[in-house]
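The sequence and structure come first.

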Amino acid sequence: MIAAAALCPAAPLLVRELTGGTLVLPELREACREVTGRLLRARPDVIAVVGAGPQTRTWDSASRLDVASFGGPAAAARGPAGVAGGPAGGPAGPGAGTPELPAALGLGARLLDEAGYAGPRRLEAIGADEAPAACAAAGRRIRQAAGRVGLLVMADGSARRGRRAPGHLDERSAGFDAGVGRAFRDGDLQALAAVDPVLARELMAAGRAAWQVLAGALEGSVPEVEVLYADDPFGVAYLVASVGVRPA
């Protein structure tokens with residue numbers, strides 16, 4: 001069962017050394033720290049980090065973020081992992097990284113490390129082009145990983161929220177992201193499961209598949225969601241939320 005969940009953006013600027021020592025969006029960083037802390041306080045038996053990747057697969061739990069692969073401070077400030085920051089993988093600390101680890105998973109692992117989590121973890125990539133039904137099935141599989149599973153979902157909304165956004169402006173992006181935000185606030189799993197993969201791809205919403213994994217994992221329960229941050233800095237929609245879970 002899912003004990004609790006947290007949603008954070010897969011944003012390179014969460015990594016302090018990528019912003020050249022400048023504290024960028026401290027409110028976003030603090031919101032991510034808060035929801036990760038709440039996830040740990042739910043005392044899960046294992047925490048699964050879920051994020052988009054080239055294909056659906058489970059990564060070695062020892063894999064960590066490769067900071068060098070992002071390309072420096074400018075890349076971190078321009079946009080989300082996989083859009084401006086590029087692929088990532090490897091440890092957050094000293095030493096070489098894990099080649100090809102999806103950026104979203106590396107950033108999630110980093111959040112857990114910074115929160116002092118030393119318990120069992122799973123790193124679950126969901127293919128960016130997986131159909132909604134396959135995403136939901138992956139969520140159901142993940143929730144069976146232990147008696148109490150914590151879920152850390154690393155997912156961005158549209159990267160086309162302004163003329164200086166990574167994907168430039170698409171007028172549809174505001175309505176799309178508003179709908180996703182409303183679905184989270186309302187705990188509307190059906191709305192998340194129904195997000196159109198084609199539209200999400202056109203709007204460069206890299207988190208679509210991960211959102212739908214979360215929806216599948218929470219099937220049969222009632223999510224109690226608190227959104228701590230919602231904005232579109234650098235033209236990318238970021239949402240940070242804490243998700244409590246109770247039986248339906």
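Which side chains meet in a salt bridge at 2.7 Å, N to O? Those of Glu 226 and Arg 38 do. The two residues lie in distant parts of the chain, 188 residues apart: Glu 226 belongs to strand β6 (residues 221-231) and Arg 38 to helix α1 (residues 26-41). A salt bridge here is a side-chain nitrogen of Lys or Arg within 4 Å of a carboxyl oxygen of Asp or Glu. Helices (H or I, at least four residues) and strands (E, at least two) are DSSP runs, numbered from the N terminus.

This is a predicted model, in which local features need pLDDT of at least 70 and side-chain atom pairs count only at pLDDT 80 or more, while totals for chains, interfaces and linings use all residues. Residues are numbered from 1 along each chain as its sequence is written, and side-chain values use heavy atoms, with hydrogens and water left out.

**Salt bridges**

In total, the structure holds 17 salt bridges. Three of them are listed below with their N to O distances.

| Pair | N to O distance |
|---|---|
| Glu 226 and Arg 38 | 2.7 Å |
| Asp 129 and Arg 201 | 3.4 Å |
| Arg 161 and Asp 232 | 3.5 Å |

Asp 129 forms its salt bridge with Arg 201. This pair also links distant parts of the chain, 72 residues apart, with Asp 129 in the loop between β4 (121-127) and α4 (132-143) and Arg 201 in helix α7 (residues 197-202).

**Accessibility of the partners**

Relative accessible area is classed as buried under 20%, exposed over 50% and partly exposed in between (1.4 Å probe, protein chains only). Glu 226 is partly exposed at 39%, and Arg 38 is partly exposed at 25%. Asp 129 is exposed at 61%, whereas Arg 201 is partly exposed at 48%. Arg 161 is partly exposed at 24%, and Asp 232 is partly exposed at 24%.

**Cysteines**

The structure holds 0 disulfides, a disulfide being a pair of cysteine sulfur atoms within 2.5 Å. For Cys 8, the nearest cysteine sulfur is that of Cys 32, 3.6 Å away. Cys 8 is buried at 0% relative accessibility, and Cys 135 is buried with a relative accessible area of 0%.
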